Amino acid sequence: MDRAVLGWAVAGGIAYALLPWYALEDGIFGFGWLSGYPTDRAGAPALVQALLHGRLALLPVAVFLLAPLAVRGVRGAGARPALLLTVGAGGTAWIAVQGFAVGGQPGIGVGGLVVFAALLMLFCVGMAAKGAFNGDRFVSGGIGTVVTLVVVFVFFPVSCVLVGAVEDSSGAFAPSEFWAKLSAREVWGLDCLSSSAGCGVAWNTLILGVLVGASTTALGLAFALIVTRTGFRAKKALRLLTVLPIITPPFVIGLAVILLFGRAGAFTTFMEQAFGVVPSRWIYGLPGVWLAQVLAFTPIAFLVLIGVVEGISPSMEEAAQTLRADRWRTFTTVSLPLMRPGLANAFLLGFIESLADFGNPLVLGGNYHVLSISIFFAVVGAQHDRGRAAVLSIVLLVFTLGAFYAQRRWLGRRSYATVTGKGDAGLHPPLPASVRRLVYATALPWAVFTAVIYVMILFGGFVETWGRDHRFSLRHYAAAFAVDVTEFGLHWKGAAWNSLWTTIEIAAISAPLTAAVGLLTAYLIVRQRFRGKEAFEFGTMLSFAIPGTVIGISYILAFNTPPIELTGTGIILVICFVFRNMPVGVRAGIAAMSQIDRSLDEASLTLGARSLTTIRRVILPLLRPAIVAALVFSFVRAMTAISAVIFLVSANYDMATSYIVGRVENGDYGLAIAYCSVLIGFMVLVVLLIQFVVGRRRLGRRAPTQVSLEGIPA
Amino acid sequence: MSLETRSGSVEFRRVTKAYGPVVAVRDVSFTVAAGTLVTLLGPSGCGKTTTLRLIAGLEMTTSGQILIGGSDVTRVPATDRDVSMVFQSYALFPHMTVLENVCYGLRVGGEPRDRAVAAAREGLALLGLVGFDDRLPSELSGGQQQRVAVARALVLEPRVLLFDEPLSNLDAKLRRRVREEIRDLQQKLRLSVVYVTHDQEEALAVSDQIIVMDNAVIAQQGTPTELYREPASRFVADFIGDANLVKGTLKRTDERLAALRLGGVEFALPHRGATDGEVNVAIRPEAVRLRPADGTDAPLIGTILKAAYLGSHMEYTVGSIIGELFVVDSGGVAAPLTVGAGVSIGFISHGVTVVD
């Protein structure tokens, strides 16, 4: 008998017979369930539930678990895989179906989860035994796991919302209403071309997305080139400066932009006093949202592109130079085309980020409506029209998928593998002078501007009242973060401590999970050939295309009732972050992994390493920049997310951002900005720590100094 | 090292590999005897690399069976196959030193560190790489990288060692030396080696057996001598060495032999199953004999169209009624024929073969 089969069957059996099948009031680690165990109705394992409490629907699960053990005598070549496939598919399907069909059950708990996972793995082992995925169980199991997770935590909740698109308010099937909502003038109207009235939200969103995507890609490339290809002195500062905006909750940038350019803003006041320019509300609308989003998302493009620019093999550029291309032609005909996958990724990320952004349009949008905001107000506003929200989500999805498709078309099937198994010594050529000047002229003013924005944020926390009383004050910090030393130890008196600890805890749990799931998915997409890979890739990217508002609502709809009951827990926040941020990890992983030659994995496999060992010893060390990116992103986004979170927080699990937004709603800007400054400072530390721990990729390229020394005769 | 006891055979039984509608390997059967070096030879896209990857377990068969050392490994993944492979690109891990690269397979196989290092050092020494332990692959020359790749594969004492065009990244001089080293090593350790190349000279030089592949099937399998002397088809005749492909007229004279007419020349040779009438004939360039035309009535005459002096021999292109012939003449270097000269043409029968 196969050890993997035996192991999973036994694990499933133990969970079935011993672990509480259903979710518990105070969680599995509350240990309250131990008192009545194993007969108590709440904490009983499936076996007891079925035999004592009449939950007979759980009984067939035992059959599925026992089948692979009982029939260990099966010998025929095709029979064993077929048995495993039947057992795995049948068992998981049975658990799901009875969960939905049999009423009166609590949500599924640890026992049910382990049994489900064991049956799923038996299915995957069966797939591998049948010869799928080159017979590799790790790959088979990985794909099975990712697909199941995506189906349960992305497709299922989204389908709950989308069902609403073709239903009227009473829940009946009404396709005509769907058409009416889809073709509405406020969605597709083109009035802005002919009159002063605004265009439809769809056009607004599209225009903003393209502008932001293009701007962030151009700026990100400029920063990446400065850091990797020039002798610029303050590279370290530049790296830090460009990382700042992502560790900032998006609406904070929006707030800072208002503090600068709003009617009472610092810049507006200065222009009025110096040049007599009449203050106006020009910043509210497309210019303001664009400005804030570009500030917020340029670093994403920068982080993606820096890996790409560094990963280009210098020998390619050296080859071009020896082919008599000057620096300019080398750059335009070799370096730039090799960066195309990275550029496309950066644009795609910027575009999608813009579409999904919620905070900045909320703060700065004015009359310029975009889809995410319209969806939000369609649900929580006076309209309360779930159908309209669903229809708008579909429009948004189509846009994102269009971007995704365009990117695939553009990149085509060219191979961009530039880190090959052949040792690669060489030097990146410096940038041509014209490009260098252009890059400096674009990036450096932007860096200065970003610095100004952050000064505003920091300054705002230390004044009595912004715009009126600019005296130095610490009262906002005291209100948020006061700590008393009492005889019982430290007393966390400040109002912000509770939400801060929760946020750190949730972010710290979700970051490595996100990175792991994201990179595993990227590995499967880049390195494995299997049927349905396109659909697989699409599915894993889908959660990114859905704005946080929709995700938030969909999670509430999907996970408020059994069989998966998660609302009000911290788990739902973690899951939400993992699946919302996973695409970032996937993208970073794909971009980096497609630059590592496949023969390296194959060499490792033929040397007797398992897939898992290969990943750990060969791929991961070469992927360090991507790991850093994935960890940083997922941690930081978990700490700064607002759109989905605002629906999912509860009294026990309040997050920093939703707390801050609450303060802003109460007009308490001082405390909000002070809290933001602390968050930013904390995240800077975390980013530096992660970067220090994970370290830098070691490829053995010669250092520039070494080469210049070689040229000097001894 | 006690590698010879570990060497195993490879057997393909009617193996097919298809990627959707594209068939890369079609119904291929062959056996590689333990301790021999077998070359898979063919033009690019003929399926030879796919065949190698099927042996390695990097691809799974669509149908058919693969046996290594007598046991069925058709469904066994690469990790568990007990073969190792030297890649065309070498695939040295760029983030590991030479020693770490060579230790890798031993370490992931659970060998304790000191034993793995000792074995790796031994392997590196076998390939003449002493004192490079702490270098990164990028700090080695192409030839050195290649040897590290061989050492890394060798220290695992695999049942079969696979080479995927190992010399294609090396310069010509080095190529000859490295291929001799590989052959010496294989002979010394009695390794089972499967070696992919598109270079027929390389294949002739190193192989015990050559499997010529064309268009996803085996065109011919045999020793270098067999393939050169008795090519089964025009494709093999042309691919292995040079051959003049011409038409002749055949008439069987007994069970084995036939009379072949080329222009006015007639001589006896094995008919190899061909029927009477017009047949395809492959003539090796060195099997053509040229004499200056002396005005007598020669059975086949021609004119020198091109002449090249190559030091050890002359190369001619001769126009005749049976077509243009490419001729290598190593005897007449001292008194070469000139362009435009008339010649009478004769053949040495063991360099002339009837082919499909």
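Helices (H or I, at least four residues) and strands (E, at least two) are DSSP runs, numbered from the N terminus. The views below show a predicted model, in which local features need pLDDT of at least 70, side-chain atom pairs count only at pLDDT 80 or more, and totals for chains, interfaces and linings use all residues. Residues are numbered from 1 along each chain as its sequence is written, while chains are lettered from A and ligands numbered from 1 in the order in which they are written.

**View 1. Helix H1 of chain B and the residue that follows.** Just after H1(B), Gly57(B) adopts a positive phi of about 90 degrees. Helix H1 (residues 48-56) of chain B is largely enclosed by the rest of the structure, because nine of its nine residues are buried (20 or more other C-beta atoms within 10 Å of the residue's own, C-beta atoms being placed from the backbone). The buried residues of H1(B) include Lys48(B), Arg53(B), Leu54(B) and Ile55(B).

**View 2. The largest nonpolar core.** This core comprises 315 residues; a nonpolar core is a set of buried Ala, Val, Leu, Ile, Met, Phe, Trp, Tyr and Cys residues joined through C-beta atoms within 7 Å. Leu122(A), Leu162(B) and Val194(B) have the most contacts inside it. Helix H14 (residues 286-311) of chain A gives the most to this core, with 17 residues. Leaving aside neighbours within four places in sequence, the residues in contact with Val194(B) include Leu52(B), Ile55(B) and Leu162(B); contact requires C-beta atoms, placed from the backbone, to lie within 7 Å.

**View 3. The side of chain B that touches chain A.** Here 30 residues of chain B are in contact with 31 residues of chain A. Strand E6 (83-86), helix H2 (98-108) and helix H4 (142-154) of chain B are the elements that give two or more residues to this side. By class, it has 19 nonpolar, eight polar and three charged residues (Ala, Val, Leu, Ile, Met, Phe, Trp, Tyr, Cys and Pro count as nonpolar, Asp, Glu, Lys and Arg as charged, and the others, Gly among them, as polar).

**View 4. Packing of helices H19 and H25 of chain A.** Helix H19 (residues 371-380) of chain A packs with helix H25 (residues 548-559) of chain A at an angle of about 35 degrees, and their axes are 8 Å apart. Axes are lines fitted to C-alpha atoms, for helices over the stretch in contact, and angles run from 0 to 180 degrees between N-to-C directions. H19(A) contributes Ser372(A), Ile375(A), Phe376(A) and Val379(A) to the contact, and H25(A) contributes Thr549(A), Val550(A) and Ile553(A).

Key: Two residues are in contact if their C-beta atoms, placed from the backbone, lie within 7 Å. A residue is buried if 20 or more other C-beta atoms lie within 10 Å of its own, exposed if 12 or fewer, and partly exposed in between; C-beta atoms are placed from the backbone.
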